[in-house]
Amino acid sequence: MKRHSQAGKGDLFSVKTATVLSILVFIIAVGASAFRKDEVAVKETTLSAINRDSVESVKAFATVYKVLMSPRCMNCHPAGDVPLQGDDSHLHVMGPKRGHDGKGVYAMKCANCHQETNTPGLHTPPGNPDWHLPPADMKMVFQGKSAHELAKQLVDKKKNGNKDIKKLIEHADDGLVLAGWNPGEGRMLPPVSHAEFKKAWLTWLNKGAYAPKKTSN
Amino acid sequence: MAKITLNINNKEYPLEADPQMPLLWAIRDLAGLKGTKYGCGVAQCGACVVHLNGEAVRSCVTKVSRAVGKQVVTIEGLSATNNHPVQKAWQEIDVPQCGYCHSGQIMSAAVLLREKPDPTDQDIDDAMAGNICRCGTYLRIRKAIHLAAEMQKKTSQG
Amino acid sequence: MDNQTLSRRNFLKTSGMTGAVLSLGFYWPGNAKSAKIVNAAEAQNFGVEMNSWVHIDTSGKVTIFDHRAEMGQGSYQAVPQIVAEELEVNLNEINVVFAQGDNKKYGNQVTGGSSTVRGSYKNLLKLSATAREMLIQAAAAKWGVDKAECYAEGGNVIHKPSGKRFHYGELVDAASKLEPPKEVILKKRSDYKLIGKPLRRLDTPLKTNGSAIFGLDKEIPGMMYAAVERNPRLRGKVKSFDDTKTRQIPGVKHVFKVKMGVFNTYREGVAVVADSTWAAIQGKKALKVEWDDTGFEHLDTEEIYKRQREALQTQEGLAFKKQGEPSEIIAKAAKKIDVTYETPYQYHAAMEPLNCVAHYQDDKLEIWGPIQAPEWVQDYISKEMSIPKEKVILNMTFLGGGFGRKAFMDYPHEASVISKEIKAPVQVVWTREDDATQGPFRPGITYRCEGVVSNGAIDAFKVKMAGQNNAHWRGGKKDVPNGSASEGFLKPYMDSIKNLAIMDIPFETPIPTMWWRSVYASTNGFAYESFLDELALEAGKDPLEFRRAHLKEERLHKLIDKMEEVSGWKNRKKGEGFGTAITECFASTVGHVVKVSKAPNGGVKIDQVWVVMDCGWYVNPDTVRAQVEGSVVMGLGAATIHEVKFKDGMAVDSNFSTYQMPRITDIPPIEIHIMENDADAGGVGEPGLPAFAPALTNAIFDLTGKRIRRLPFSLATV
């Protein structure tokens, strides 16, 4: 979520991006373990819409949703302007505010406590070099969203920081996303491994990024 | 152990420290500046707040290595003669009781006033909720920050 | 201004006093309540060292000793403000120095029970007036005039007819040779220039630029730093430990077992001594200790309260006070109230964690630290370590909060033992986790309250308490009721309620307990004042009117009048969320009115707190207000957040992340009024606390009909 400033427009499922997706699917089929950040091969070729599969896509999103709604992801995608904290996703004690850039305000900026790495010990600030919330103009709220709402929102360029499919795919390996799987002492991990999450994320996207039905969450 | 140099209050301190050592203990035990306080060690109370390149970091969880090459300002260096508008307002309102948390309170308030010269009550909440005061001086902290804002305005106008 | 504790010799040197000095102090014969004022020569005659409370040197500089701990409550301001008034000097021309621990010189130095001003103001006024009179007398003699023609002002003696003046400094030589007058005339309150004025605190500037020296800031040459891993079960021992990893940490110099006294028992731990606090803390974390926790129960919170509730149903307890036939009336009554109130264990949570510097040498032990009770520390260490008491030199620093916890001997004792072992000065630093989990704690107490009302008044009133008695930890007798069973409860109720019983059921656990700001009033107040509210409503009476009818004392009626006036009590509408409570604590009476409303997102919001404080004679109204503000905030935390929970004999919460403090966002508006009267001084630091919780829960009942009988409760989910 580092790039969020341009409100973009354009067809989400352009031929161009669909091509990219098909290649990625192939790579996943070869082996998720080989799929590392620096190996994400994104080429521009052409592709028909033949890979679209609403059944598979929605099925994969169930896993995605489970992860995104887990405290490790949802805590920094709160409904309000104060992040959540802990495995029970309570409001962050001391109520730090988002700020326009998502990095806090005044004496309560995220990086004042959250260091580049996790602070050792229980109930200590977890760390990441880029610790922040989504910015004020692109809040990307997870908390309280149904699977349908969240799926729609994730691919809506007006709400996702103008991310096209390529950028959404890349986001699976964003440093802060990965930090969810290195949460610091005493914190619950997301419900599936990062590899499984990423597999589901990509399946969901490349099979058409279908949103589950409104009642299906 | 590593040889490092910290710039604290515009003075160079050549120190020998474990790079993992929190900045708090380097400031207190190695540089000998005792105004910055230990309260919780886990970034919960704000007694240890210092300015690191102007930001109100919690020195108890900030590794000393993060401060190398940066400007550290502690309560001792906030002003030359105890006359930063926040310090003057604290004195005018008689904010402290035991006083232990107030180095951190003042350092936090100073960042607020720099970034928001005319803070509302909501801004004060947003800036100061990270600083605990067990003596319960919160109402006076709020009052003093408003007063400091006025004092700062007068200084900048005058 | 120098805030360091100094020996007399160093004091004279450091304060730059030269030549003659007029020094006055007190002589406390035996345990006499009032002291005789003496100068150095007289002190010698009594065979005591002059306590030198007030000094004036030839430059006119005045230095006074603060004999009590300054932990935020304002002794550093109150003592000088009293002295300056009668001495006729400007407050900002006074140096304040913390007195060393020496009860032969300074009398009782235990800072507790809100006693600094009320315990010493009469003597301080007299002492200061005596010094002033001696200076006037010296001036009159120099001028050869009648001393009645002279007066003192702003550090000068002035001859009224001629306008001639001497600066005090010019008079000290002559004045120091005079014998102190036996009687002096004290000013009337209406003539005070300083007392009663909201003057700024002398310690504030030290606390805005980091120059105030707290215990943790004390550093002496060659000092090492220590952290101690102590038995988490509060009174256990060390079976064995593995320090392999600890010794690999750079800077760690010594690791050894250490034992500290906790009243009549001991706790063991493993001390890690290093060249920095950080290395010591890292070394402590790397220890692997096997504990011996045998010989005492490992209790859970639930079990403690289950036992208390059972005891209250099955036992009668020891009578603290019993008059009339309360039990008989309650037994026969067709309608009675029989309710139980529960209060939690509390942690003091001073912002400055415990710490202490000790330097053990062959012939003496010197201690520096944030200490509320210097003489107890001296007595205890003298006994435990076989050092003559006068060789235990105790230096006071500023305290970063105390609230009762720093009136113990355990942490200076432990520091002294470590210094003796390593043969070097050491600072023992308690981590926040140590401070939060090791106790002693305020005891959690359960109360059973039974009562009957008839004709709008209380017919029978019976309160039984089951909870730990702090006195037991100091060797108190176990077959006598808790001497503080009625603390918080207004005494005049005991005159008006003819059938009354206050009973204490002895209750013990292995958890060490001790006082916490306002002591038993902090728990009793909740039970008594909630119960009175229930009785008032049962009687169909207005809660304040009901109290007034049972309190036949004019001073209390004035307090209630004031509460009604400032809070708009009489104009409130039924169910609008008003609650009230009045408690007595350390000779002051405090009434609270709290107004609550429904919060937009559920739960209850505190709209306003009004506090009326009757502390009689007081020094500085701003300090009084500050103490009440702080008491409300601490009371708010205790009522709505705080409980020390135990699991398997150990305190569960170890830091502010789970034992959360009220923050600036949680504080309601607080309006404070101080009663003006001629009564003797009462306490100020603690009495504002106990009535807050019951006033709040009574207000919540008024708003919602929900009666809260257990603390803490959550405002968000009421």
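## A helix across the sheet of chain C

In chain C, helix H12 (residues 410–422) lies across S9, S11, S12, strand S16 (355–360), strand S17 (365–369) and S19, and runs at about 140° to S11(C). Helices (H or I, at least four residues) and strands (E, at least two) are DSSP runs numbered from the N terminus, while the angles, from 0 to 180 degrees, are taken between N-to-C directions of axes fitted to C-alpha atoms, for helices over the stretch in contact. The model is a predicted one, in which local features need pLDDT of at least 70 and side-chain atom pairs count only at pLDDT 80 or more, whereas totals for chains, interfaces and linings use all residues. Residues are numbered from 1 along each chain as its sequence is written, and chains are lettered from A and ligands numbered from 1 in the order in which they are written.

## The sheet and its hairpin

The strands of this open sheet of chain C, 7 in number, follow the order S11-S12-S9-S19-S16-S17-S18 with mixed pairing, where two strands pair if DSSP finds at least two bridges between them. At the edges stand strand S11 (252–262) and strand S18 (392–396) of chain C, each of which pairs on one side only, and from one strand to the next the twist averages 25°. Helix H8 of chain C also packs on the sheet, where H8(C) touches strand S9 (224–230), S11, S12 and strand S19 (426–429), and the direction of H8(C) makes about 25° with that of S9(C).

S11(C) is joined to strand S12 (residues 265–274) of chain C by 10 bridges, and the two run antiparallel. Within this pairing, C:Val255 has C:Val272 of S12(C) as its bridge partner, and C:Met260 has C:Arg267 of S12(C). S11(C) and S12(C) form a hairpin with 2 residues between them, and C:Phe263 in the turn has a positive phi of about 55°.

## Two residues of chain C

C:Arg405 is found in the loop between S18 and H12 of chain C, and C:Arg405 counts as buried because 28 other C-beta atoms lie within 10 Å. The classes used here are buried for 20 or more other C-beta atoms within 10 Å of the residue's own, exposed for 12 or fewer, and partly exposed in between, with C-beta atoms placed from the backbone. Leaving aside neighbours within four places in sequence, C:Arg405 is in contact with C:His348 and C:Ala350, a contact being two residues whose C-beta atoms, placed from the backbone, lie within 7 Å. The C-alpha atoms of C:Arg405 and C:Lys383, 22 residues apart along the chain, are separated by 21 Å.

C:Phe241 lies in strand S10 (residues 237–242) of chain C and is partly exposed, because 18 other C-beta atoms lie within 10 Å. Beyond its neighbours within four places in sequence, C:Phe241 is in contact with C:Val270, C:Leu287, C:Lys288, C:Val289 and C:Glu290.

## Where chain C meets chain B

The contact between these chains takes 45 residues from chain C and 47 residues from chain B. On the side of chain C that touches chain B, helix H8 (277–285) and helix H18 (621–640) of chain C each supply at least two residues, and the largest share of that side, 7 residues, comes from H18(C). By class, the side of chain C that touches chain B has 21 nonpolar, 14 polar and 10 charged residues; Ala, Val, Leu, Ile, Met, Phe, Trp, Tyr, Cys and Pro count as nonpolar, Asp, Glu, Lys and Arg as charged, and the others, Gly among them, as polar.

## Helix H4 of chain B

Helix H4 (residues 102–115) of chain B has 14 residues, which at 1.5 Å a residue should span 20 Å, and the end C-alpha atoms are 20 Å apart, in agreement; the expected span is 1.5 Å times one less than the number of residues. H4(B) is mostly covered, with 12 of its 14 residues buried, including B:His102, B:Gln105 and B:Leu113. The cover over the buried residues of H4(B) includes strand S3 (49–52), strand S4 (55–58), helix H3 (85–93), helix H5 (121–128) and helix H6 (138–157) of chain B.

Chain A holds 8 helices and 4 strands, and from the N terminus on its elements run α-α-α-β-β-β-β-α-α-α-α-α. Of the 217 residues in chain A, buried residues make up 40%.

The contact between chains B and A takes 20 residues from chain B and 16 residues from chain A. S4, H4 and H5 of chain B each supply at least two residues of the side of chain B that touches chain A, and by class that side has 11 nonpolar, 3 polar and 6 charged residues.
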